[in-house]
Amino acid sequence: HYQALHQSIRALAGFLHQNGLSKGDRIGIYMQNRPEWVITDMAAYALGAVVVPIYPTLSEHDVHYIINDSGLKVIVVDDHDRFQISSRAMGDHSALTTVITTHQFSDIQAKKIDAPHVRVQRDDLASIVYTSGTTGQQKGVMLTHGNFLSNVSDILSVYDISSRDTALSFLPLSHVFERTAGYYTLIARGATIYYAQSHQTVAQDLQAVKPTLIISVPRLYEKIYEKIMSQATGLKKKLLNWALSLGKTKGIRAKVADYLVFSKIRNRTGGNLRFCVSGGAPLASH
């Protein structure tokens, strides 16, 4: 599967190069989480281009601001509305020359255009990530390849991740947390990444994917916790409180608690979970 991914990346890199994208040029990724996000990101890096992720839920005004402020030359989109918004940004005062849709990807793969091999250094600019703009105008944060790679190597020095691992990705790839922890770190170890159909389908998708790890913000864990606590009544509540009181203790009681309580909770996430990662905001200590 990684061989197929590599071929897709090389084919898109060749197409982007043919359309004038060179080292240092800015390319926008304006789409939902999907495999094409990864293919576009890596194809841009193969050319030494600078990736500018754009939240798919932003207003047209904010999208146009990012396109112009970053000096985007190319943008890749995944639906008609985003194509229209991007196209309207092209004009006299914009560097934007090309809007590509994910519908073109199968044709691009068939063309198999050769991509040049570009030398990329750790200190080269990799991405410009824009802040949410809650405290004034959005600001573009400049991140190098070294910035991302140092995070990946630090994470992998602490966590044991391998090609046997599977993850369900549902946080936005436009945010640096999911991009680093749920994408770069996982492909560095050859893990498998599935993309949720939507935020509404995460519970069902967990059952289908059976991930070994989950990367999320505290809100998901809070919602799971609240649901478990509210559904437990009578004897079930007493059993749950007893299991929670044991915490991380070892021994026969812990094994009984796991069998009666915790294994059933794990099964709701597919049953294969090894650990969960929480980020983006503080997680309550309990």
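Q: Which residue forms a salt bridge with lysine 73?
A: In this predicted model, the closest N and O atoms of the pair are 3.3 Å apart. The pair links distant parts of the chain, 48 residues apart: lysine 73 lies in strand E3 (residues 72–77), and its partner lies in the loop between helix H1 (2–18) and strand E1 (26–30). That partner is aspartate 25.

Q: Is aspartate 25 buried or exposed?
A: Buried means under 20% relative accessible area. Aspartate 25 has 19% relative accessibility, so aspartate 25 counts as buried.

Q: Which residues are linked with Asp79 and Arg82 in a network of salt bridges?
A: Aspartate 79 and arginine 82 themselves meet in a salt bridge of 3.5 Å, N to O. Aspartate 79 is partly exposed, with a relative accessible area of 26%, whereas arginine 82 is buried, at 10%. The network also takes in Arg34, Glu36 and Asp78.

Q: Which backbone oxygen does the side chain of serine 70 reach?
A: Serine 70 is found in helix H3 (residues 60–70) and counts as buried, at 9% relative accessibility. Leaving aside neighbours within four places in sequence, serine 70 is in contact with Arg26, Val52 and Tyr130. At 2.7 Å, the serine 70 side chain reaches the backbone oxygen of isoleucine 66.

Q: Why do the buried residues of H8 line one face of the helix?
A: The buried residues of helix H8 (residues 202–209) are Val202, Asp205, Leu206 and Val209. Seen down the axis of H8, they line one face because they fall within an arc of 105°.

Q: Which strands do the buried residues of H8 pack against?
A: The face of H8 turned away from the buried side carries the exposed residues Ala203 and Ala208. The buried residues of H8 pack against strand E7 (166–169), strand E8 (192–195) and strand E9 (213–216).

Definitions and conventions
Residues numbered from 1 in each chain as written. Predicted model: local features only at pLDDT ≥ 70, side-chain atom pairs only at ≥ 80, totals over all residues. Heavy atoms only, no water. Buried < 20%, exposed > 50% of the residue type's maximum accessible area, 1.4 Å probe, protein only. Helix = DSSP H or I, 4+ residues; strand = E, 2+ residues; numbered from the N terminus. Arc of directions from axis to C-beta. Contact = heavy atoms within 4.5 Å. Polar contact = N/O pair within 3.5 Å; in protein donor to acceptor, adjacent residues only side chain to side chain. Salt bridge = Lys/Arg side-chain N within 4 Å of Asp/Glu carboxyl O.
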